[in-house]
Amino acid sequence: MPLTALVTGANRGIGLQLVRGYAADGDSPIGTHRGGAAPQVPGVRWETLDVTEPASQAALAHTLAAHPIDLLVCNAGLYLDGGENLAGGYPPEMWAQMFATNVTGVFLTVQSLLPNLQLSAAPKIAIISSQMASHTRAPGRSYIYRSSKAAALNLGRNLATDLMPLGIAVGIYHPGWVKTEMGGESAEITAEQASAGLRARFAALSLETTGCFETWDGHPHAY
Ligand code: NDP
């Protein structure tokens with residue numbers, strides 16, 4: 001049976017490679033984008049979603065009503081504070097925008113697509129967090145991004161507990177330092193490498209491993 005995988009923020013970067021990979025494997029990926037023209041990828045169904053907008057979430061849930069989803073990948077993310085400085089930077093608006101995307105956006109997407117996941121025989125949720133979520137690894141700076149990804153990790157861990165009785169496995173992942181608009185040119189791996197590793201992790205995710213925090217290449221990540 002082909003897998004139905006919905007990936008948020010799939011119009012570029014890691015998300016685009018994820019839907020490309022599922023389409024190439026003969027699965028049934030649904031990529032979401034915020035609007036405008038979606039990339040032309042054979043085998044990919046496109047839907048619009050701004051993860052921060054409740055009305056957009058409701059519209060997607062309506063469009064996909066009664067459509068089983070086997071894998072939900074919460075990938076959409078924002079990293080705006082790389083150049084901020086502690087003395088006068090990190091404005092409150094930036095905190096609000098990044099938390100709305102990286103944390104609330106994950107929660108709203110899970111909440112609105114929960115009925116679809118419950119129609120699958122083996123439903124899974126993958127949350128793309130980051131090594132920057134880790135509190136044991138704390139090199140400083142990027143306070144908004146780090147704390148938002150830590151919140152996404154915490155959200156995933158608690159969802160894993162609550163969704164276990166519903167048979168839904170939840171994994172949280174560091175995708176690697178990836179050459180995308182976010183990761184930049186000097187990053188360590190390509191989006192193709194990240195996507196291949198992540199898809200293998202998602203395939204291995206089960207109720208036995210639910211709540212895991214893993215790297216793209218299969219190592220447990222320090223919390
Ligand atoms: P990109 O910046 O290349 O792509 C981000 C994607 O998220 C785009 O499709 C963007 O859409 C989408 N997005 C942003 N805001 C919203 C929103 N409100 N609603 C819906 N979609 C939105 O990032 P990457 O591909 O590099 O990152 C993917 C994920 O991996 C993110 O969660 C990121 O934090 C995480 N990550 C990435 C790392 C890296 O090295 N690249 C390292 C660790 C984690 P649009 O085109 O409309 O802006």
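This is a predicted model: local features need pLDDT of at least 70, side-chain atom pairs count only at pLDDT 80 or more; totals for chains, interfaces and linings use all residues.

Student: Is H221 buried or exposed?
Tutor: H221 is placed in the segment after β7 (213-215). Its relative accessible area is 11%. Because the cut-off for burial is under 20%, H221 is buried.

Student: Which residues does H221 contact, leaving aside its neighbours within four places in sequence?
Tutor: Contact here requires heavy atoms within 4.5 Å. With those neighbours left aside, the partners of H221 are Q131, S134, H174, F213, E214 and T215.

Student: How many aromatic pairs does the whole structure hold, and what is the geometry of the rings of Y90 and Y143?
Tutor: The search finds five aromatic pairs. In the pair of Y90 and Y143, the ring centres are 4.9 Å apart and the planes lie at 45°. Planes under 30 degrees apart would count as stacked and those over 60 as edge-to-face, so the pair is tilted.

Student: Where do Y90 and Y143 lie, and how many residues apart are they?
Tutor: Y90 is in the loop between β4 (71-74) and α3 (92-117), whereas Y143 is in helix α4 (residues 143-163). The pair thus links distant parts of the chain, with a separation of 53 residues.

Student: What is the geometry of the rings of Y173 and F202?
Tutor: Y173 belongs to strand β6 (residues 169-174) and F202 to helix α5 (residues 191-204). Their ring centres are 5.1 Å apart. The planes are at 70°, and the cut-off is over 60, so the pair is edge-to-face.

Notes
Residues are numbered from 1 along each chain as its sequence is written. Side-chain values use heavy atoms; hydrogens and water are left out. Helices (H or I, at least four residues) and strands (E, at least two) are DSSP runs, numbered from the N terminus. Buried means under 20% relative accessible area, exposed over 50%, partly exposed in between (1.4 Å probe, protein chains only). Rings of Phe, Tyr and Trp (its six-membered ring) pair if their centres lie within 6.5 Å; planes under 30 degrees apart count as stacked, over 60 as edge-to-face and the rest as tilted.
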